[in-house]
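Here are my notes on the model you sent over. Keep it open while you read and click through the residues as they come up.

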Amino acid sequence: GGGERGDKAGGGAAGTAQFRTAPLKFESRFESGNLKRALRIGEWEYKLSMRDDVCLPQQGGEVKQCTQWFYFRVGGARPGEKYVFNIVNFYKSESLFQEGMRPVLYSTTEAAAGE
């Protein structure tokens, strides 16, 4: 199984979302893909949950679940629009993102255009 795809946001009449644009298409059914769920919460915003990892105990502690990385594919983005992805189930209290690290993005469209 992979990440759930499509427009899952509630709201609007009878619990259905009323967005003007088509939802993004998320996919993680490939090696190391770990997206568990994508929920559309706004026109350009999504709430994402990743699958848990199993973290090894440190110095004899308990084995516990943790989530500290992400790997998934997104399709259907509109050029020039800014999207917000809120990853909601990370357990690590400190991150290199807090010190300026940024996600790696790859665009097949830009690669084909030589960018």
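1. Start with the side chains of Glu 43 and Thr 21, which are joined by a polar contact of 2.5 Å. (A polar contact is a pair of N or O atoms within 3.5 Å; within protein, one must be able to donate a hydrogen and the other to accept it, and residues adjacent in sequence count only if both atoms are side-chain atoms.) A polar atom of the Glu 43 side chain also lies 3.1 Å from the backbone nitrogen of Arg 20.

2. A word on the source: this is a predicted model, where local features need pLDDT of at least 70, side-chain atom pairs count only at pLDDT 80 or more, and totals for chains, interfaces and linings use all residues. Residues are numbered from 1 along each chain as its sequence is written, and side-chain values use heavy atoms, leaving out hydrogens and water.

3. Where does Glu 43 sit? Look in the loop between strand E2 (35–40) and strand E3 (45–50); strands here are DSSP runs of at least two residues, numbered from the N terminus.

4. Now the salt bridges (a side-chain nitrogen of Lys or Arg within 4 Å of a carboxyl oxygen of Asp or Glu). Arg 20 pairs with Glu 43, closest N and O atoms 3.8 Å apart, and the two are 23 residues apart in the chain. Arg 40 meets Glu 43 too, at 3.5 Å, so Arg 20, Arg 40 and Glu 43 are linked in a network.

5. Buried or exposed (under 20% relative accessible area versus over 50%, partly exposed in between; 1.4 Å probe, protein chains only)? Glu 43 is buried at 15% and Arg 40 is buried at 0%, while Arg 20 is exposed at 70%.

Conventions. Helices (H or I, at least four residues) and strands (E, at least two) are DSSP runs, numbered from the N terminus.
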